[in-house]
2 protein chains.
Amino acid sequence: MSLNKKSANKVSGGTLTKYSFTSSSLNSLETAINVFLPSSAVSGSKVPVLYYLSGLTCTEDNAAQKGGFFNAAEAAQIALVFPDTSPRGAKVDGEDESYDFGSGAGFYLNATKQPWSAAYNMYDYIVKELPSKLGELPIDTSKASIFGHSMGGHGALTLYLKNRGQYKSASAFSPICNPTACPWGKKAFEGYLENGLKEGEQYDATLLLKDAQDQPGILIDSGTADDFYKQGQLLPENFQKVAEEKGFKNVQVRLQDGYDHSYFFISTFAEDHIKFHAKFLKA
Amino acid sequence: MSLNKKSANKVSGGTLTKYSFTSSSLNSLETAINVFLPSSAVSGSKVPVLYYLSGLTCTEDNAAQKGGFFNAAEAAQIALVFPDTSPRGAKVDGEDESYDFGSGAGFYLNATKQPWSAAYNMYDYIVKELPSKLGELPIDTSKASIFGHSMGGHGALTLYLKNRGQYKSASAFSPICNPTACPWGKKAFEGYLENGLKEGEQYDATLLLKDAQDQPGILIDSGTADDFYKQGQLLPENFQKVAEEKGFKNVQVRLQDGYDHSYFFISTFAEDHIKFHAKFLKA
């Protein structure tokens, strides 16, 4: 077993367990995940999995503690996996200087620029390495969907659109929808990628949606009182416009009146998102 | 308006607002509360209120962020009020030395021992002062119930049993049920009360239940994997035994298999507790 069990709590009839392991994608650094197994999986049956990607500054813990997902995941008998948002302790100069770049801000891409490229490979980590680790658990990784918040919403949308065979559906709370056109995305792409914004286009959900062939299954909720929305960091309208132009009827973008960027917003619609994915995972 | 608004977040269709104010019970120290108003109250209608008392080390924030109460409170159209667990900054020697006495550990009593008696009056604060502050909000304090966790479960049970006219029902997660017989309770009563344990009997839920005349409405959930339960800090069996001896059929004590003392446990049964109180508050 390459997963080291760190702690476990019973919740909602299932179990939340924290594991750590050495990640080859992340330059052999130790990383941690939280895994919720619903009751049937605790009893040994394999269940579908829903990956949750967190936003800037978060670890594997924030959404597990504040997201309010477990009662709904138990009702749907779906496992939830919460990875960290970046490598930790990569010892790159400047890694801990800002909240929106470096530690806690991996942006779910593979860095190509030195010195970030050695460890900052959250794309490979989530898409390739993490599912292989879950083979040790009663999880059927062939039935997988993905969701997330803010930077993690960007991650969920882009990983899904780039790997349609691997994920059945994607959803997001307050996602960064068009990172090549917003300050957070520009800073990340110019910092992590050798060819900057141009190279970043492959990690831009709005641009990826333009090129999508098959009807995608996507749900997005974003709050109108979200300061980052008001600052133009999220740009859900750009994503929605492409979905309409392409006639993608299974892409829903909902602007939720008066909600902000917090976990209070996420917990309000948590059950909605689990139910959305359950339709795809149980189809 | 004597309440100072510090922040507000929309959640579950209602609003969570943090207020601060100067408390006369707490020696004119500033204290903070979180108040959840469901949608009908946000629109101005008066709604019933459910007070939530937190456990050792917590502030007004922990249960608001991790308890998972708001979707159920919105469904029931009940306001939730989260006070702090002690005065803050009373400048009593030793106040911040231990997690289970002083700051974060007011034990919902009125201290009679110097120097604690000046500010450590959480009983008066919750029972008398707090409802008068809520008069400024669309809350009908004549329809009130009370619940809490651990030390706050002790608070909910004792405040209810001592003030049956004021609260319609009480419930608790992992409460300290018999504090005169456990280490936490003994330390608190001997530290805060001039006549120690003897004086503490008036704040012991199991002893108060022995003297109860009318049928109480009480729900208790406690986990069997709770380390504090195993250490004999909680003693739900003692409370249950008295309820059975007295023939109190509306006192339910449920030992929940495999659950611990954490917010994961609370969030699992949060909806159950809100629904329990809604029956009394809407009767």
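In this predicted model, B:Val49 stands opposite B:Ala79 of strand β5 in chain B. That pairing belongs to a set of three bridges through which strand β4 of chain B, residues 47-53, runs parallel to β5(B). Strand β5(B) also has a partner in strand β3 of chain B, residues 29-37, and here the sense is antiparallel, with four bridges. Within this second pairing, B:Ile33 has B:Pro83 of β5(B) as its bridge partner.

Strand β5(B) spans residues 79-83, and five of its five residues are buried. The burial applies to both faces: one side carries B:Ala79, B:Val81 and B:Pro83, while B:Leu80 and B:Phe82 lie on the other.

Helix α11(A), residues 263-281, has a kink of about 50 degrees centred on A:Phe269. At the start of this helix, a side-chain oxygen of A:Ser262 comes to within 3.2 Å of the backbone nitrogen of A:Phe264. Helix α11(A) is mostly covered, with 14 of its 19 residues buried.

Finally, the two chains can be compared as copies. Chain A superposes on chain B by a rotation of 180 degrees with 0.0 Å of shift along the axis, at an RMSD of 0.0 Å; the relation is therefore that of a two-fold axis. In chain A, the C-alpha nearest this axis belongs to A:Lys66, at 2.5 Å. Both copies use the same surface, as 100% of the contact residues of chain A recur in chain B.

Technical notes:
Residues are numbered from 1 along each chain as its sequence is written. Chains are lettered from A and ligands numbered from 1 in the order in which they are written. This is a predicted model: local features need pLDDT of at least 70, side-chain atom pairs count only at pLDDT 80 or more; totals for chains, interfaces and linings use all residues. Side-chain values use heavy atoms; hydrogens and water are left out. The bend at a residue is the angle between axes fitted to the seven residues ending there and the seven starting there. Helices (H or I, at least four residues) and strands (E, at least two) are DSSP runs, numbered from the N terminus. Buried means under 20% relative accessible area, exposed over 50%, partly exposed in between (1.4 Å probe, protein chains only). A polar contact is a pair of N or O atoms within 3.5 Å; within protein, one must be able to donate a hydrogen and the other to accept it, and residues adjacent in sequence count only if both atoms are side-chain atoms. Two strands pair if DSSP finds at least two bridges between them. Copies are superposed by least squares on the C-alpha atoms of residues with pLDDT of at least 70 in both. Contact means heavy atoms within 4.5 Å.
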